[in-house]
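The sequence and the model are shown first, and the description follows.

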Amino acid sequence: FDYKKYQGVLSHTYRSKAYASEDFENNFTQKQEAYNSTDVSLSYTYQKIEFFTKIQNIFDEKNGLWIGDDVVYPVNFERTYYAGMKVNF
């Protein structure tokens, strides 16, 4: 069993509350909520082929980017799944 062929990554991204992106005078009533995303990825390499899978935002946090009061753009706001393969020549 060759452990070198397997790779796994568990990561978490956190951003604390902050003023809205376009609140240059710091007078909006709403701030950006804290951003949280926990991700996991796994890969397996067989000869020149790498198979991978990734889940972003495992805990399904509702993230967004506050531009102004009641102006929110969803960013990584739901759980996302990826799978694929890469061939090296």
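## Terms and basis

A residue is called buried when its relative accessible area is under 20%, exposed when that area is over 50%, and partly exposed in between, with a 1.4 Å probe and protein chains only. By this definition, Asp60 counts as partly exposed, because its relative accessibility is 27%.

The structure is a predicted model, in which local features need pLDDT of at least 70 and side-chain atom pairs count only at pLDDT 80 or more, while totals for chains, interfaces and linings use all residues. Residues are numbered from 1 along each chain as its sequence is written, and side-chain values use heavy atoms, with hydrogens and water left out.

## Overall form

The chain has eight strands and zero helices; helices (H or I, at least four residues) and strands (E, at least two) are DSSP runs, numbered from the N terminus. Read from the N terminus, the order of elements is therefore β-β-β-β-β-β-β-β.

The radius of gyration of the chain is 18 Å, whereas a compact globule of 89 residues would have a value near 12 Å. This radius is taken over C-alpha atoms, and the globule rule is 2.2 Å times the number of residues to the power 0.38. Along the principal axes, the C-alpha atoms occupy a box of roughly 60 × 25 × 20 Å. Buried residues make up 18% of the 89 in the chain.

## The four-stranded sheet

Four strands form an open sheet in the order β1-β4-β5-β8, and their pairing is antiparallel. Two strands are taken to pair if DSSP finds at least two bridges between them. At the edges stand β1 (6–15) and β8 (80–87), each of which pairs on one side only. On average, neighbouring strands of this sheet are turned by 15° against each other, direction ignored; the axes are lines fitted to C-alpha atoms, for helices over the stretch in contact, and angles run from 0 to 180 degrees between N-to-C directions.

The antiparallel pairing of β1 with β4 (residues 35–46) extends over 10 bridges. Within the sheet, Leu10 faces Val40 of β4. Strand β8 contains Thr80, which is partly exposed because its relative accessible area is 24%. The C-alpha atoms of Thr80 and Ser43 are 17 Å apart in space, and the two residues are 37 apart in sequence.

## The hairpin and the loops

Strands β6 (residues 64–68) and β7 (residues 71–74) run antiparallel and are joined by four bridges. Trp66 stands opposite Val72 in β7. Two residues lie between the strands of this hairpin, where Asp70 adopts a positive phi near 60°.

Asn26 also has a positive phi, of about 55°, although it is not a glycine. This residue lies in the loop between β2 (18–19) and β3 (31–32) and counts as partly exposed because its relative accessibility is 43%. Asp60, likewise not a glycine, has a positive phi of about 55° and is placed in the loop between β5 (49–56) and β6.

Asp2 belongs to the segment before β1.

## Salt bridges

A salt bridge is a side-chain nitrogen of Lys or Arg within 4 Å of a carboxyl oxygen of Asp or Glu. The count by this rule is two. In one of them, Lys86 is joined to Glu50, with the closest N and O atoms 3.4 Å apart. The pair connects distant parts of the chain, since Lys86 is in strand β8 and Glu50 is in strand β5, 36 residues apart. Lys86 is partly exposed, at a relative accessible area of 43%, while Glu50 is buried, at 18%.

Lys62 and Asp60 form a salt bridge through their side chains, at 3.5 Å from N to O. Lys62 is classed as exposed because its relative accessible area is 61%.

## A nonpolar surface patch

Tyr46, Phe51, Met85, Val87 and Phe89 make up a nonpolar patch on the surface, with about 600 Å² of accessible area together. Patches consist of residues with over 30% relative accessible area and no salt bridge; like charges are joined within 9 Å, and nonpolar side chains (Val, Leu, Ile, Met, Phe, Trp, Tyr) within 5 Å. Accessible areas come from the Shrake-Rupley method with a 1.4 Å probe, and for residues only the protein chains shown count as cover. Phe89 is in the segment after β8 and counts as exposed because its relative accessibility is 90%.
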